[in-house]
Amino acid sequence: MDAQEKEELARITAKKKALALKGEIKENYIEEDNSPEEVPVDGEVRAGTMVFMKNCGGCHSLDAVDVKDMRGPSLGLIYNRRVGSNTNYESYSDSMLKSTFFWTAKNLYKFMANTHTLIPDTRCWLKKHPLHSKEDRADLITLFK
Ligand code: HEC
């Protein structure tokens with residue numbers, strides 16, 4: 001992110017925060033908070049790989065560079081990256097592009113179980129097929145880290 005992009009992001013975030021505090025928008029303003037009570041931190045990479053292959057691998061790769069012909073963006077460097085910021089992926093929904101939060105453990109954990117609390121109209125498969133298992137989500141987060 002260059003200085004101008006950082007400034008723009010700070011401006012959008014401040015505006016969203018102000019609107020959220022006034023109660024005008026609810027979505028997309030999320031405090032950065034990885035409180036361990038909410039996000040189990042003891043996931044397992046091997047198990048995460050299995051969960052990934054079964055549930056995500058059809059549309060997402062784990063490569064650092066985006067793989068062009070997959071339906072979803074590569075998740076290889078997703079951890080702590082800004083949402084919708086994979087510049088090689090060209091099919092993000094508007095709502096994902098407009099979101100300004102980062103993929104912290106807490107945000108990933110929430111998104112996987114309940115996409116609409118973060119991005120109401122995402123095109124990710126998780127919208128209709130949430131990952132209810134806390135263990136599976138913790139394992140995936142450990143894999144992404
Ligand atoms: C059927 C295809 C499909 C499957 C399966 C799928 N996704 Fe997605 N995912 C997508 C698409 C398409 C997008 C882009 C969504 C948008 O722009 O709204 C996306 C976006 C995402 C993003 C945001 C990426 C970014 O660059 O900000 C995350 C995180 C994500 N998916 C996680 C997962 C996880 C974890 C799984 C498995 C548990 C999964 N997805 C399964 C299609 C899929």
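Predicted model: local features only at pLDDT ≥ 70, side-chain atom pairs only at ≥ 80, totals over all residues.

Biologist: Thanks! Where does Ser61 lie?

Modeller: Ser61 is in the loop between H2 and helix H3, the latter being residues 94-98. In space, Ser61 is 8.1 Å from Gly72, C-alpha to C-alpha, and the two are eleven residues apart in sequence.

Biologist: Stepping back, how many helices and strands does the chain have?

Modeller: There are five helices and zero strands. Going along the sequence, the pattern reads α-α-α-α-α.

Biologist: And what share of the residues in the chain is buried?

Modeller: The chain has 145 residues, and 24% of them are buried. As for contacts between residues at least 6 apart in sequence, 49% join residues at least 24 apart.

Biologist: Let's talk about H5. How many of its residues are buried?

Modeller: Nine of the eleven residues of H5 are buried, so the helix is mostly covered. Those buried residues are Asp136, Arg137, Ala138, Asp139, Leu140, Ile141, Thr142, Leu143 and Phe144.

Biologist: What do the buried residues of H5 pack against?

Modeller: They pack against H2 and H4.

Biologist: OK, H2 then. At what angle do the axes of H2 and H5 cross?

Modeller: The axes of H2 (residues 45-55) and H5 cross at roughly 105° and come within 7 Å. Angles of 65 to 115 degrees count as roughly perpendicular, and therefore H2 is roughly perpendicular to H5.

Biologist: Which residues make that contact?

Modeller: From H2 there are Val45, Ala47, Gly48, Thr49, Val51 and Phe52, and from H5 there are Asp136, Asp139, Leu140, Thr142 and Leu143. Sorted by class, the contact of H2 with H5 has six nonpolar, three polar and two charged residues.

Biologist: Now the other partner. Which residues of H4 are buried?

Modeller: In H4, residues 105-113, the buried ones are Ala105, Asn107, Leu108, Tyr109, Phe111 and Met112. They pack against H5, which spans 134-144.

Biologist: Tell me about Tyr109. Why is it buried?

Modeller: Tyr109 is buried because 20 other C-beta atoms lie within 10 Å, and 20 or more is the cut-off. Tyr109 lies in helix H4. Setting aside neighbours within four places in sequence, Tyr109 is in contact with Val39, Arg137 and Ile141.

Biologist: How many residues are in the largest nonpolar core?

Modeller: It has 19 residues, and those with the most contacts inside it are Ala105, Leu108, Tyr109, Met112, Leu140, Ile141 and Phe144. The elements giving two or more residues to this core are H4 and H5.

Biologist: Phe144 is on that list. Which residues is Phe144 in contact with, leaving aside neighbours within four places in sequence?

Modeller: Phe144 is in contact with Leu75, Ile78, Tyr79 and Leu108.

Biologist: Last topic, the ligand. Which residues come nearest?

Modeller: Of the 26 residues around the ligand, the nearest are Cys56, Cys59, Gly72, Cys124 and Trp125. The shell divides into 16 nonpolar, eight polar and two charged residues.

Biologist: Great, thanks for the tour!

Key. Residues numbered from 1 in each chain as written. Buried ≥ 20, exposed ≤ 12 C-beta atoms within 10 Å, placed from the backbone. Helix = DSSP H or I, 4+ residues; strand = E, 2+ residues; numbered from the N terminus. Contact = placed C-beta atoms within 7 Å. Near = placed C-beta within 6 Å. Nonpolar A, V, L, I, M, F, W, Y, C, P; charged D, E, K, R; others polar. Axes fitted to C-alpha atoms, helices over the stretch in contact; angles between N-to-C directions. Parallel < 35°, antiparallel > 145°, perpendicular 65-115°, else oblique. Core = buried A, V, L, I, M, F, W, Y, C linked by C-beta atoms within 7 Å.
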